[in-house]
Amino acid sequence: MKRFVLILLALFPALLLPARPREVSDTLVFTPQWTAQAQFAGYYVAKDMGFYEEEGVNVQIIHPNVTQSAESRLRSHLSHATTLQLAQAVEIAANGVPLVNLLQTSMNSGMVVISRRGKNPMEQRGAKVGIWAGGFTQLLESVVKEANLRFEWIQAATMVNLYIAGALDAIVAMTYNEYYQVKQAGFNLPENCIYRLADHGYNIQEDGLYVTREYYEKHKELADKFARASRRGWDYAEAHPDQALDIVMRYVDRNHIATNRILQSLMLKEILNLQYDPDSGEKEYRIRPDMLQLTNDIMLKAGLIPRPVTLEELCR
Amino acid sequence: MSARLSGWIVFFAAAIFLASLGYMAVVARKAVRREAILGANRILDNTVLRVNGILEDVQLVANNLEGRIYQHLDDPDYMFTLSRDVVLTNAFLNGCSISFEPYYFKEKGRYFSAYSNRIGANVYTQQEGKDSYQYFYLDWYLLPKLMGQPCWTEPYTDQEEFDDKTMDSKMMVSYCKPLIGNDGSFVGTLSMDISLEWLSKTISAVKPYPNSYSILVGRGGTFLVHPDPQLLFYQSIFTEGLVSPNPEIMKLGEDMQDWKEGMQEIRFDDVDCFVFYKPMMTTGWSVAIVCPESDVFGGFHRLRNIIIVIVLLGLLIMYLVFSKLIRKQLNPLRTLAVQAESIAYGNFNTVLPENTRNDEIGVLSRSFAEMQTSLVEYIDKLTTTTAKKERIEGELQIARSIQMDMVPGKFPPFPDHKEVDLYAFMSPAKEVGGDLYDYFIRDEQLYFCIGDVSGKGVPASLFMAVACNLFRVLSWQGNSPEEVARQINNEMSRHNEQLMFVTMFIGCLDLKTGCLNYCNCGHNPPVLFTPEPRFMSCLPNTPIGIMPGYEFEGQTMENMRDVRIFLYTDGLNEAEDQNHEEFGNERMMNALASLSPSENAQGVVEKMHAAVASHVGIAEASDDLTMLCLKLA
């Protein structure tokens with residue numbers, strides 16, 4: 001019984017596969033951390049518009065699959081680059097795999113908790129709250145622990161059907177993904193049912209583009225070119241959202257992803273919004289030291305990392 | 001006219017047709033709508049019943065299997081046998097998994113899911129839980145666990161890979177029951193999978209109208225059956241609403257999600273549709289039939305269009321027929337109108353067509369023909385009469401001239417007799433009149449007269465001419481006024497069959513002595529200025545021409561020197577204004593009294609003429625008017 005949802009499940013188990021060093025000489029293999037969707041529009045645009053080619057980089061985009069998550073592909077050197085949330089990157093780096101952030105696209109947190117019971121999810125003490133079975137929720141778990149809410153975390157591959165059925169009291173969602181899926185299921189989602197981490201002092205950057213330090217040291221020039229072309233891809237996607245969406249939908253169709261153009265257009269819009277720095281209002285493409293500091297603090301307190309990770313460790 | 005008349009007829013007929021058809025359309029439309037709702041509901045009921053029947057079979061099998069699982073909870077390997085047997089014995093099942101919580105069977109480790117799956121004719125059985133397939137995070141496992149009760153999953157596409165055999169993707173749905181251990185805790189999930197291809201086919205086949213289609217939506221509004229494969233599983237009934245909310249579709253989605261049943265009229269892709277929907281309570285899905293309005297009312301619209309065409313054609317034919325008929329009926333009238341116009345232009349001899357019809361038009365034609373004949377005759381008569389009249393008028397003008405020449409018209413009349421101041425004026429009311437006056441001097445005797453013949457016009461003028469001539473002849477012989485009167489009377493009454501008469505005043509003034517002999521024969525008494533105006537004393541003699549042999553009496557007035565005598569006919573004192581009020585003796589006397597004593601005869605006559613003309617105004621002169629004024633110095 002290998003259902004279509006199975007592919008998602010396989011993305012999460014971090015570091016499950018043993019490291020199998022394998023060099024891929026002149027080609028850069030990039031694996032985003034999720035199935036094909038507008039969350040990675042900039043990379044698809046850079047590829048399809050020939051920006052990588054213009055930089056002289058031969059980029060192959062290989063999505064994670066049932067047996068190989070993005071992280072495991074990175075660790076096994078099957079992929080050279082992947083996208084990670086900042087908290088994930090901190091966790092991996094702190095646990096002994098040095099990473100280099102090539103491009104920090106996200107400047108905000110898009111994580112929210114959505115109540116199924118029509119009230120503030122943070123007032124639902126002891127509620128059954130759905131989270132992704134594979135992770136991404138280290139920060140949230142720490143916040144909840146601090147607030148002594150005693151949520152019963154229900155790990156699930158996907159949570160939208162459980163939410164619709166009313167099997168959960170709340171779910172963790174991304175504003176660009178599950179939020180719209182729930183709305184697409186006919187839920188109005190008034191603002192009082194949504195808890196936005198960004199609005200409560202936990203606005204921590206998410207998606208960034210990473211390679212292992214080991215790879216970066218060996219292919220510095222290639223990685224820099226890849227980063228430059230990727231940034232160009234994101235800028236182009238913002239300037240030409242319809243064209244970018246066409247490109248995204250080609251990847252979606254090719255990978256048989258159960259989504260639609262409207263959801264992807266909303267995702268692209270939201271992803272691009274999250275790329276603006278909350279203070280300067282500019283697209284800065286950098287890790288903010290204060291956000292890294294906050295991430296370290298929370299994760300150290302929760303015992304998720306043995307030591308803080310410095311900005312220098314992550315920077316090129 | 002025929003076009004206008006036909007137009008009005010057709011217009012009223014169309015109005016009646018329209019009202020009738022409109023009423024029929026409204027009633028028929030309601031009936032069709034009612035029938036469509038009943039029909040669609042019947043179909044939906046049958047569909048839901050059929051689907052539920054099969055789903056209930058699955059539930060029954062699951063319930064039976066559940067008991068056997070509980071009997072062998074201590075024997076994990078027997079779960080393989082159970083799952084395999086149930087798939088083998090129930091052809092409608094695609095797969096069955098009996099899955100347990102991590103480490104429930106300690107000897108089996110983290111994963112234990114006994115799964116049997118049908119691929120073609122074979123059934124494969126295996127333990128499917130592994131690191132890359134952590135089943136306990138999946139919907140079908142979690143739903144019964146979290147809900148604490150059996151439930152149906154949302155349909156999903158299943159792309160099977162089994163022992164390196166790849167299958168095509170299938171639409172599947174699973175019925176899942178929570179397995180409860182002896183201590184009441186959740187221990188695992190029993191899941192039975194069935195393919196929904198038959199459901200898709202069953203629902204897609206529901207097609208009450210040629211262009212209608214069926215849709216099935218899941219609990220989250222996702223399209224599970226839809227004619228557009230692009231929408232299946234990828235899109236929900238609410239998706240479009242995320243960017244452009246359509247209240248109608250949102251309402252439909254909410255109703256279907258709330259398991260309501262009913263009907264809504266919605267515009268889909270610029271097509272007005274009826275959507276009939278009904279929930280499938282077993283699974284929480286909702287099935288709907290979308291029927292384009294044009295289909296539902298297709299028969300009705302066809303019938304309506306045919307009727308409209310028939311009515312339009314009928315009206316057109318009616319218009320043409322009526323036009324032709326009315327034109328034909330009115331043709332004689334048209335001819336008549338043309339001919340009447342021709343006649344109006346003076347072509348009185350235009351030949352009218354013969355009309356044998358007996359209706360109003362026939363009567364009118366004949367009447368017109370008769371009128372034409374009469375008109376022609378009348379015009380002929382008129383022409384003759386006019387010619388005669390013109391001739392008579394010409395003759396009358398000559399007669400007038402002659403008549404006017406018969407009375408003396410030269411003033412002053414006696415240049416050799418400066419002592420005589422005399423002026424006379426005569427104005428016939430018609431071309432010729434019956435008034436007369438005359439005067440002459442013979443042997444120092446001034447004879448004068450004034451008269452008024454009864455009646456007016458030609459007869460009176462002839463009578464006047466005779467009287468005039470007789471006066472001159474008889475006076476010239478030196479007869480006294482009464483003798484002149486007597487002889488004129490005898491002469492004129494002799495052959496007076498018309499019984500005409502003439503009033504006369506005959507006077508003879510001796511220029512030497514100033515003595516006046518006079519005889520008044522029924523005439524208005526003259527006015528004397530002494531110096532105040534007063535009527536002259538006159539004997540009551542009869543007018544001339546009435547009584548032959550009548551002896552007229554004369555009168556004498558001595559010393560008439562410097563006395564103005566004013567003679568007049570009744571055209572003066574009986575002259576009427578617009579209101580038929582006579583000038584009268586009083587006005588006449590006042591007018592005369594207002595005259596200056598030094599006024600000569602001409603001045604008296606002209607001023608009196610002016611006074612009477614002022615009284616008459618614009619009224620037509622009713623009688624001949626004659627005035628004569630005389631004074632001996």
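In which order do the five strands of the open sheet β9-to-β10 region of chain B follow one another? The order is β9-β8-β12-β11-β10, and the pairing is antiparallel. Strands here are DSSP runs of E at least two residues long, helices are runs of H or I of at least four, and both are numbered from the N terminus; two strands pair if DSSP finds at least two bridges between them. The model is a predicted one, in which local features need pLDDT of at least 70, side-chain atom pairs count only at pLDDT 80 or more, and totals for chains, interfaces and linings use all residues. As for labels, residues are numbered from 1 along each chain as its sequence is written, while chains are lettered from A and ligands numbered from 1 in the order in which they are written.

Staying with this sheet, β9 (223-225) and β10 (262-268) of chain B sit at its edges with a single partner strand each, so one side of each has no neighbour in the sheet. From one strand to the next, the twist averages 35 degrees. Angles run from 0 to 180 degrees between N-to-C directions, with axes being lines fitted to C-alpha atoms, for helices over the stretch in contact. Further in, β8 (residues 213-217) and β12 (residues 285-292) of chain B run antiparallel and are joined by five bridges; one of the pairs puts Leu216(B) with Val287(B) in β12(B). Helix α1 (residues 2-71) of chain B packs on the sheet and touches β10, β11 (271-280) and β12 of chain B, where a contact means C-beta atoms, placed from the backbone, within 7 Å. The direction of α1(B) makes about 40 degrees with that of β11(B).

Chain B has another open sheet of five strands, ordered β14-β15-β16-β17-β20 and paired in the antiparallel sense. Its edges are β14 (435-442) and β20 (555-557) of chain B; each has a single partner strand, so one side of each is left without a neighbour in the sheet. Neighbouring strands are turned by 15 degrees against each other on average, direction ignored. Helix α10 (residues 457-476) of chain B packs on this sheet, touching β14, β15 and β16 of chain B, and its direction makes about 15 degrees with that of β14(B).

Looking at the pairs in turn, β14(B) and β15(B) are antiparallel over eight bridges, with Arg442(B) partnered by Gln445(B) in β15(B). Two residues lie between the strands of this hairpin, and Asp443(B) takes a positive phi near 50 degrees there. On to the next pair: β15 (residues 445-453) and β16 (residues 502-510) of chain B share nine bridges and run antiparallel, and Cys449(B) stands opposite Ile506(B) in β16(B).

Over in chain A, there are 14 helices and ten strands. Of its 316 residues, 55% count as buried; buried means 20 or more other C-beta atoms within 10 Å of a residue's own, exposed 12 or fewer, and partly exposed in between, with C-beta atoms placed from the backbone. Among contacts in chain A between residues at least 6 apart in sequence, 83% join residues at least 24 apart.

One helix of chain A, α11, makes a handy example. Its buried residues include Ala244(A), Leu245(A), Ile247(A) and Val248(A). Asp242(A), Asp253(A) and Arg254(A), on the other side of α11(A), are exposed. The buried residues of α11(A) pack against α2 (41-48), α10 (220-239) and α12 (261-273) of chain A. After α11(A) comes His256(A), with a positive phi near 50 degrees.

Technical notes:
Two residues are in contact if their C-beta atoms, placed from the backbone, lie within 7 Å. The expected span of a helix is 1.5 Å times one less than its number of residues.
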